[in-house]
Amino acid sequence: RAGRIVVGLQGALDFERGGELAQNLNELYAYITRRLFHINAHNDLAALEEVKTLIKDISAESGSN
């Protein structure tokens, strides 16, 4: 489920208007998606904590704007 949410966020990026920020978010979302595949394949709780922290950081930054 988390993977679908991240892919949805990635698909909503506007590269024309978002410029470098949109590109950076795209790369971050791609990384998170790869980590989620790893987590599912290896049941890696440390990787899950990493992803949770990244998502919290994104959420905190978007809330401050």
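The structure holds 2 salt bridges, a salt bridge being a side-chain nitrogen of Lys or Arg within 4 Å of a carboxyl oxygen of Asp or Glu. This is a predicted model, in which local features need pLDDT of at least 70 and side-chain atom pairs count only at pLDDT 80 or more, while totals for chains, interfaces and linings use all residues. Side-chain values use heavy atoms, without hydrogens and water, and residues are numbered from 1 along each chain as its sequence is written.

**Salt bridges**
- R35 pairs with E50, with the closest N and O atoms 2.9 Å apart.
- Because R35 lies in helix α2 and E50 in helix α3, this pair ties together parts that are 15 residues apart in sequence; helices (H or I, at least four residues) are DSSP runs numbered from the N terminus.
- E50 counts as partly exposed, at 27% relative accessibility; buried means under 20% relative accessible area, exposed over 50%, and partly exposed in between (1.4 Å probe, protein chains only).
- A salt bridge also joins the side chains of E49 and K52 (3.4 Å, N to O).
- Both E49 and K52 belong to helix α3, 3 residues apart, about one turn of the helix.
- E49 is partly exposed at 43% relative accessibility, and K52 is partly exposed at 39% relative accessible area.

**Nonpolar core**
- The largest nonpolar core consists of 8 residues: V6, L13, Y29, I32, L36, I39, A47 and V51.
- Such a core is a set of buried Ala, Val, Leu, Ile, Met, Phe, Trp, Tyr and Cys residues joined through side-chain atoms within 4.5 Å.
- Two or more residues of this core come from each of α2 (15–42) and α3 (45–63), and α2 gives the most, with 4 residues.
- Beyond its neighbours within four places in sequence, Y29 is in contact with V6, L9, Q10, L13 and I58, contact meaning heavy atoms within 4.5 Å.
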